[in-house]
Amino acid sequence: MSARLLLLCPGQGGQHEGMNDSARLDSAAAAFLDRQQLAPGALFDNRVAQPAVVAATLAVWIALQPRLTAVGMRPALVAGYSIGELAAYGVAGAIDADRCVALAHTRARLMDGAAAGAAQTLCAISGVPLARSAMLAAAAGFAIAIVNGHDSCISGGPLAALAGLQQQVERAGGRLQHLPVTVAAHTPLLAAAVAPFARALAATPFAAPHTTLLCGIDASRNAGAVATVHARACSVLSRQLAETIQWADCMDAAAEAGITVALELGPGAALARMLQTRQPGIACRSVSEFRSIDGVLAWLERALV
């Protein structure tokens, strides 16, 4: 059973005001959320969004993990998308949950600092082959941030060039969707944030993860002794700030590992939908689709038979 379950930790985009309602019904998760004292403000502001998404993801896991353990369920893999990869280390037990949120604050601050003085953004491009999207993006000063499929990607670059890029994408027969993100994450425009975030990670106490992690920049696995996991995490979690995330490869790696069931910890359900489309043999759901944590557990018990 344990070799079949993948946990997915989302990035920015699905956050909303009521995203912690289910988790707050659990006393431990509620106490964790209360400790975070998340800053008020627009949920899509980078400084608010990153720690809020990490906290929401970890709160769900704090509520769900004891229930899974009680019935003998253990995930085989954990993977995170963008900021979700940091949350994944909390889910896997490698980083204490409170420290994980603190690192999300640091990550957001460093990324904002790297982008200071330059209005940046992210956009989703679909319906255009990846190589063509990369050429169009480069001509506009953008770069591929996340590869989601052969004709689906996220691109990041200067906000002022977005309209021109949209015109070129539409001329090529594709579609561009502007995303509510104010930094060109996972592109060379944020290179200045890499080294200081690596130092912050190096100074963070790590524990041996109870679950293997997938690395977003190359879909490799991170597992083993504490020192090995820590060193690899310092590299991949910092480098992904300025390097392309190969999410399509991560989805394929999950299938190759024998995963048959995947649960997105939320908020949102974008990762579950993407995985279901790319790997239809994997049963995928998100906690956001259920009314309660007990409902999530009931589905997992049926799906993992």
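This is a predicted model: local features need pLDDT of at least 70, side-chain atom pairs count only at pLDDT 80 or more; totals for chains, interfaces and linings use all residues.
Residues are numbered from 1 along each chain as its sequence is written, and side-chain values use heavy atoms, with hydrogens and water left out.

A nonpolar core is taken as a set of buried Ala, Val, Leu, Ile, Met, Phe, Trp, Tyr and Cys residues joined through side-chain atoms within 4.5 Å, where buried denotes under 20% relative accessible area, exposed over 50% and partly exposed the range in between (1.4 Å probe, protein chains only). The largest such core has 92 residues, and those with the most contacts inside it are Leu6, Tyr89, Trp247, Leu263, Leu265 and Leu300. Its largest share, 10 residues, comes from H2, helices being DSSP runs of H or I with at least four residues and strands runs of E with at least two, numbered from the N terminus. A second, separate core of 15 residues includes Ile125, Val147, Leu162 and Leu165.

Leaving aside residues up to four places away in sequence, Pro51 touches Leu38, Asn46, Val101, Ala104 and His105, contact being defined by heavy atoms within 4.5 Å.

A search of the whole structure finds 1 cavity of 30 Å³ or more, a cavity being a set of points, on a 1 Å grid over the protein atoms alone, where a 1.4 Å probe fits but cannot get out, with lining residues having an atom within 4 Å of a point. Grid points are joined across faces, edges and corners, and the volume is the space filled by probe spheres set on the points; for the largest cavity this is about 40 Å³. Residues lining the largest cavity include Leu6, Trp247 and Cys250. Strand E1 (5-9) and helix H9 (247-256) each supply at least two lining residues, with the largest share, 4 residues, coming from H9.

With a disulfide defined as a pair of cysteine sulfur atoms within 2.5 Å, the count comes to 0. Cys9 is in no disulfide, the nearest cysteine sulfur, that of Cys100, being 8.8 Å away, and Cys9 is buried at 0% relative accessibility. The sulfur of Cys234 is too far for a bond because the closest cysteine sulfur, in Cys215, is 12 Å away; Cys234 is also buried, with a relative accessible area of 13%.

Conventions. On a 1 Å grid over the protein atoms alone, a cavity is a set of points where a 1.4 Å probe fits but cannot get out, and a pocket is an open set with protein on both sides within 12 Å along at least five of seven lines; lining residues have an atom within 4 Å of a point.
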